[in-house]
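Subject: Structure handover

Hello,

Please find the structure below, followed by notes on what was found in it.

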Amino acid sequence: MGSRRPVARRNMLQEAEERRRRMLLRIDAALARIEDGRFGYCAICGGPIAAARLDREPVVTTCADCEHGRN
Ligand SMILES: [Zn+2]
């Protein structure tokens, strides 16, 4: 029983590390999009992404409509 806790904590650390790595990849991708002028435009429909949405989450790659499957 007592050995469960350390394993759970290690898994949590691995998950946190994994999340951080994925976020870094998304930030890298966002920076690449800024460089080639695609930043702020939806990767699916090509339309502009709302500024408020980008303020909230600068790494998003799609507009709200595409994310929710409305386009
Ligand atoms: Zn879109």
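Ala64 sits in helix 3, which covers residues 64-67; helices (H or I, at least four residues) and strands (E, at least two) are DSSP runs, numbered from the N terminus. With 14 other C-beta atoms within 10 Å, Ala64 is partly exposed. On the scale used here, a residue is buried if 20 or more other C-beta atoms lie within 10 Å of its own, exposed if 12 or fewer, and partly exposed in between, with C-beta atoms placed from the backbone. Leaving aside residues up to four places away in sequence, Ala64 touches Ala50 and Arg53; two residues are in contact if their C-beta atoms, placed from the backbone, lie within 7 Å. Between the C-alpha atoms of Ala64 and Ala52, 12 residues apart along the chain, the separation is 11 Å.

Two notes on conventions. This is a predicted model, in which local features need pLDDT of at least 70 and side-chain atom pairs count only at pLDDT 80 or more, while totals for chains, interfaces and linings use all residues. Residues are numbered from 1 along each chain as its sequence is written.

On confidence, the average pLDDT (the predictor's confidence in each residue, from 0 to 100) is 90 for the protein, and 93% of the residues score at least 70. Helix 1 has the lowest confidence, with a mean of 90, and helix 3 the highest, at 95. Where pLDDT is low, the predicted coordinates should not be read in detail.

As for the overall fold, the protein has three helices and zero strands, in the order α-α-α from the N terminus. Its radius of gyration is 17 Å, well over the 11 Å that the globule rule gives for 71 residues, so the protein is more spread out than a compact globule. That radius is taken over C-alpha atoms, and the rule is 2.2 Å times the number of residues to the power 0.38. Along the principal axes, the C-alpha atoms fill a box of roughly 55 × 30 × 20 Å. Of the 71 residues, 3% count as buried. Among contacts between residues at least 6 apart in sequence, 22% join residues at least 24 apart.

Two other residues were looked at. Gln14 belongs to helix 1 (residues 4-35) and is exposed, having 10 other C-beta atoms within 10 Å. The C-alpha atoms of Gln14 and Ile44 are 31 Å apart, at 30 residues along the chain. Arg38 lies in the loop between helix 1 and helix 2 (51-56) and counts as partly exposed, with 15 C-beta neighbours inside 10 Å. From Arg38 to Thr61, 23 residues apart along the chain, the C-alpha separation is 9.5 Å.

Regards
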